[in-house]
Amino acid sequence: MIDERVFTEAAQMQLAGLYRLSLSILASAADAQDAVQQGMLRAWERRGQVSDESRLRAWLMRIVINECRNIQRRRMRVFPVAELPRGAQESGEIADGGLKEAIDALDEKLRTPLLLRYMEGFSEREIAQTLSVPVTTVKNRLFRARKALRAGLEDAEVRFL
Amino acid sequence: MRRIDVNREMLERMYAPMDERFERNLRAMIDTLPQRREKRRSTMKPRYALAFALLLIALAATALAAYMVSQGFFAEVATLEAESGYYEHWTLEEKERLAASMKAYGILKDTALWDEALSTKSEAKREKALDRLFAQRYGVNGRTDTITAAGIIEKEMGVYDNEWSLEDKARYAAILMEFDLLGYDTNVDLLPGEDDIAQEEAVRLAREAVLDAYSLEENELDGYRTCVHFWEHRTEIGVKPPYYLIEMACPEKTSYYVYVSGDGRILSTADGYKGVESPWEDAARMRRMQEAEQTGMDQLVQAHVAGLETLPVRRFERGGMVKTLSALADGTVLLTGLRYDGNNDAEEVFAESIDAAGQTVWRAAYPVGPKEDVALSTAMQLESGDILVLVERRRWLDRDTLAYQYSEQLRISAQGELLEALRLQPIAALTGQERDFDESMFGVPGHGGLLVSGAMGPKHQKFYAQLDEQGRPRFVFNLSELSGYAPYLLTTEDGYVLTAWNEAADMPILRFYDKQGNLLSEDAQDEALRGLRINRVTKAGEGRYAVTSGFMKDGEWVLAFIDDSGRLLEKHVRTFASGPILKPSEIAKVGERYAYACRHWIERDVVGAQHLGLIVWDADTGIQEYHMRDERLQDALADDIIAGLYAAALGEGQLMLAYTEGTDVRRDYKTTLLMAETVQ
């Protein structure tokens, strides 16, 4: 079983990333807060399931993503792409050439691996563990996500640094 | 061409940060997690009081004065939690008693503030002052509702896992056990005996094992801290000897775990302890995963499929999310589920009769109210032909306030006409046991009506209630005596079979009931059933039942036949994969065969490579796995969410399977029916 301190330290460290990803899925700050909070409690109850610290990050993320899905089911909410809130864009802080809209327009199946890879810095293997899919599927989805993103940005060249 | 460079910070800024206040509270909550336990208020029984008194005498009799502080303190705090629950339930007198004990044991270095609090004349002020002091010392962020016995003791004695001696761990565990404060699914610290190797020797052996298994150099373990337990799982006490767990951990690096027996052997999975594997096994697992990733998961699946007989299947697509699939008396299958209409933002419960050609014979729909949350747990056909569907309806006024929650029984005619929506009695009324609030009720097909289950009474005891077709309880099974044994009541053709699992004895518990709920026989305790964790029972002839076990145990599928007193008649075993089996459907009796569908791993620990197979047993060939020839099926398995997997036999030995795929965000669920023709 993961040491209690290791668990709480990892949870503290990942908190912002877990929230960002929840927000990208749920598009509601209140729901994203619920997802992270409930996910943390659930992860704590089930911490016996993970014995390897190297998998803790992916495991926590998977639990919170599952919680996001539970919330979607429970609250019967649907988020048509056009109605997704724009986060910081509302305050005009970002001049990204439509990148946010293009990312939000991606199917969740493509958007989540993309954000895990380039926003949260997950390895392809960690993404595979998080989403319970083969690494080859992750590679495929990332490829499709980048391609779709390029199409969404009118064939602009998108480089992930 | 326009060029956009995307970096991590840019992506992070796209999503508004957490509300500061929420973040502060959440971080505080995470810090309190180690102190969280299930809220409860327990009462110490007289026999515990006597045992505790004896324990104190025994502890006091030990000569080492240095131990007295911790022993007395353990006992004092554990008694309080056992007698009175958590801090917020303690009386002023109990708080005063603990404060006085802390002074007496020399735990408080500076007693001035405590003396002042204890001498305050007004009771209210005295309690307030003590609350403040206890919260400052033991509460997280100064809150009294985070104070627990474990938290108090760790505060005074250091972190349990890392800083306590084996003696203190064992002593504390014994006290927690004595007062029933320790969970059942947990390891219990014990003391090494005279014949066991010393802790230092166990650590040395563990270190050698890690260096060897992971091909490390000595200096690569520099900076790792070592945590030692001598323990075993609670259910294995008295069954197997305890062992050392040596954990070597270093921040941001992989932790190593080594299990060493009392006689100095490195334990492995072959020793059969819960959660125990050798470092060599762990290293091999990591290598297998890396190799599998390099080889490609698809190749593993293809190699597995090449060894299976392939069944042609027919595919029928439907919208919505499947919740149940069952055979109807007219030879069709009944598909029930929930369907969301995104264009009109409306949801409905649906029931559909589907024939062997995938054609809808009839369809009944029942609308879900605006902002309502509906769950559907079972559907069954009565002898009259009418169909009952159990749904639960909830509506939230806001995030925390439930406007209503109740279960409803929908009655549909054999021709698909919705006849009635009957609101069922709440659990408290069904069971006669008061509850602070009503929880969810689940259902399975019963005899003459739905067999519902849930938690009853203030202690959340598991119950089953057999309802008649008007939703009135005919009888209630109170399963509180089997708490800790995971009891399930299963409906069979001629009554019910209760199955539970005695973890310590490694034996199933079986009870047989008639349709009126009268106990017919119980617990034959046939040694031949040892290890058989029964989770499905199907009537298989006069006085004979087919039972299955081991869905989640290393891909091993067991089908056995037992008689009506729980004695083993035949047992068939086959291992399909070394990983677990996932999402098994119900077992369908297809002619003389038994079949179910499931996802399973191809190789142990290679999570990504999975196959969706059809598992069939018959008397001649034993257990076989079939591959269903449907490209979309395996694609869905790899790419999309598959919610649920259901199986039902049609007439003429055909098997219908149903699963759902789709994405959660848009709830564009799609249910697929697969007809396997040649299972017969």
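**Exercise 1.** Work out what span helix H2 (residues 29-45) of chain A should have, and compare that with its end C-alpha atoms.

*Solution.* Start with the rule: the expected span is 1.5 Å times one less than the number of residues. With 17 residues, H2 of chain A should span 24 Å. Its end C-alpha atoms are 24 Å apart, which agrees.

A word on the model: it is predicted, so local features need pLDDT of at least 70 and side-chain atom pairs pLDDT 80 or more, while totals for chains, interfaces and linings use all residues. Residues are numbered from 1 along each chain as its sequence is written, and chains are lettered from A and ligands numbered from 1 in the order in which they are written.

**Exercise 2.** Describe how helix H5 (residues 92-104) and helix H7 (residues 123-138) of chain B cross.

*Solution.* First, the axes, which are lines fitted to C-alpha atoms over the stretch in contact, come within 10 Å and cross at roughly 50°. That makes H5(B) oblique to H7(B) (angles under 35 degrees are roughly parallel, over 145 roughly antiparallel, 65 to 115 roughly perpendicular, the rest oblique). Finally, look for contacts (C-beta atoms, placed from the backbone, within 7 Å): B:Leu92, B:Lys95 and B:Ala99 in H5(B) meet residues of H7(B) including B:Leu130 and B:Phe134.

**Exercise 3.** Find the edge strands of the open sheet of 4 strands in chain B.

*Solution.* Begin with the order, S19-S20-S21-S22, with antiparallel pairing (a pair needs at least two DSSP bridges). Strands S19 (488-492) and S22 (519-522) of chain B each have a single partner strand, so they stand at the edges. Then step inside: 8 bridges join S20(B) to S21(B).

Note on methods
Helices (H or I, at least four residues) and strands (E, at least two) are DSSP runs, numbered from the N terminus. Axes are lines fitted to C-alpha atoms, for helices over the stretch in contact, and angles run from 0 to 180 degrees between N-to-C directions. Two residues are in contact if their C-beta atoms, placed from the backbone, lie within 7 Å.
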